[in-house]
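Have a look at the structure first.

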Protein chains: 2
Amino acid sequence: MPRIPVTDPSDPRLDDVRNLNASDNRPDLPGGKGLVIAEGPLVVSRLVESRFPLRCLVGFPAKLDSYDADHGLPDGVPIYEVSRETLAEVAGFDMHRGLLAVAGRAGEASISDILRTARTICVLEGVGDHENIGAIFRNAAGLGVDAVLFGAGCADPLYRRVVRVSMGHVLRTPYAHLEGTRTTWQRSLDQLREAGFRLVSMTPGGDTTLTEAMAGADKVAILMGGEGPGLTEHAMRATDVRAAIPMAPGTDSLNVATSAAVAFYERQRSL
Amino acid sequence: MPRIPVTDPSDPRLDDVRNLNASDNRPDLPGGKGLVIAEGPLVVSRLVESRFPLRCLVGFPAKLDSYDADHGLPDGVPIYEVSRETLAEVAGFDMHRGLLAVAGRAGEASISDILRTARTICVLEGVGDHENIGAIFRNAAGLGVDAVLFGAGCADPLYRRVVRVSMGHVLRTPYAHLEGTRTTWQRSLDQLREAGFRLVSMTPGGDTTLTEAMAGADKVAILMGGEGPGLTEHAMRATDVRAAIPMAPGTDSLNVATSAAVAFYERQRSL
């Protein structure tokens, strides 16, 4: 497929990457175009290989050359060649990485499929920070977590920043949203228990070590709450055990994605 | 001590917090004024209690009231009361936290003191990212690491962003720079071995599990390299063991501060 040079920043063929930082009309907002945007060769290659329907690639000529040499440019979608100045004007800031891929959204994984095949699941409640969601997906993929389930109050996992911070793993690791509101979603944890999962709440006030919490479990679901408030009491009451990472006196809890990595590590260690 | 209202953004009494984001003349550059800047009540309180010589506090009236109620305003230094608009013009951006403290630099800890008293040390090589340095100090403090030693190629630990991301722990946890250049600093690891430390390199190519690497050690030094290149072969050759966090197939290594947290956790677990 021939590359298509575009020099006019107002060209509508570049609308998929227009105003990437705008709070109201950015193309990755779920209520708007709801696109999925990958930046840089590694994450672009993961979007290209993913289940998300690819729409286009946009890049500087040299970045497209280099991607073509390493991965091969994908077939069947337009490849727009732009200058750094044109892309900066379209995106709204200087995109020095110079390579973007855009896809449409795809449906989530099926919860019953996840519960049938996964052995280690991460369940999030109230994690509203995109960077934390991205880091949790990166850590989950690296440390052998099979799927992520969202309770209430979590940020959109397909926001551009999540895709980037996750190193594209949010495009690969199955995830799904559990049903219910902030006060009712916890009931859906019953189906995890019925599927044989031990439910482990991660909380600084936990009375069990991580090692004890993971020991001897065939299937484990690790629950993490947002920075600050942590898990709701309602969620913790629906779990089997409350585990803490021992903290030195006079220190605060760890970042939520860091705590998650420690829990995922302990789970892998216990297998 | 009475608070001092300052309304003129050009007032030289505010020079300690002027142009906080400027790359050339920001006040926390070691080559320039070399100040230490804390933001927000928690980190400000940690700077006030630290060994760093306090110079002033700057804040919105309501933020100073609230800090005074929670911690008491410190004696012996000027407390400048400013409006949001004035501070934004002085600092160069909108500082919505509205509370800053400034101190001078203080000398580092003595390496011989560290080696005499510490049982767990983190040694960094080539960690050039301020956010990673800050996160490593936060994780070290939370997970019982006694001190941080810097090999060559690391970013300045007193940069404003490090202080913030570390939650102020860089002001509390002892640290020092080991002598030598990029190719010679590794020799100074001998003194750690002589002091009874087991030296553990963290590397994705390691042939030992973390659990094995930590087992039975009275004193441990955990070596971490920068994102991407990791530890130099020269540094790893000076250590006793090369440990890896087992990664799932097809995934990259974890972020350096996240890897450090997992290693620190395993060290605490093994004690």
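Sorted by class, the residues lining the largest pocket are 16 charged, 14 nonpolar and 11 polar. Keep in mind that this is a predicted model.

**The largest pocket**
- It holds about 1300 Å³ of space.
- A total of 41 residues line the largest pocket, and those closest to its centre are Glu131(A) and Asn255(A) from one chain, with Glu131(B), Arg161(B) and Val165(B) from the other.
- On the chain A side, the elements giving two or more residues to this lining are helices H1 (41-48), H5 (130-142), H6 (160-165) and H10 (256-270).
- Chain B puts in two or more residues from each of its helices H1 (41-48), H5 (130-142), H6 (160-165) and H10 (256-270).
- H5(B) supplies the largest share of the lining, with six residues.

**The second largest pocket**
- Its volume comes to about 400 Å³.
- There are 22 lining residues here, and Pro204(B), Gly230(B), Ser253(B), Leu254(B) and Ser259(B) are the closest to the centre.
- Strand E11 (219-225), strand E12 (241-244) and H10, from chain B, are the elements that give two or more residues to the lining of the second largest pocket.
- By class, this lining counts 13 nonpolar, seven polar and two charged residues.

**How the chains relate**

Note on methods: Residues numbered from 1 in each chain as written. Chains lettered and ligands numbered in written order. Predicted model: local features only at pLDDT ≥ 70, side-chain atom pairs only at ≥ 80, totals over all residues. Heavy atoms only, no water. 1 Å grid on protein atoms, 1.4 Å probe; cavity = no way out; pocket = protein on both sides within 12 Å on 5 of 7 lines; lining within 4 Å. Points joined across faces, edges and corners; volume = space filled by probe spheres on them. Helix = DSSP H or I, 4+ residues; strand = E, 2+ residues; numbered from the N terminus. Nonpolar A, V, L, I, M, F, W, Y, C, P; charged D, E, K, R; others polar.
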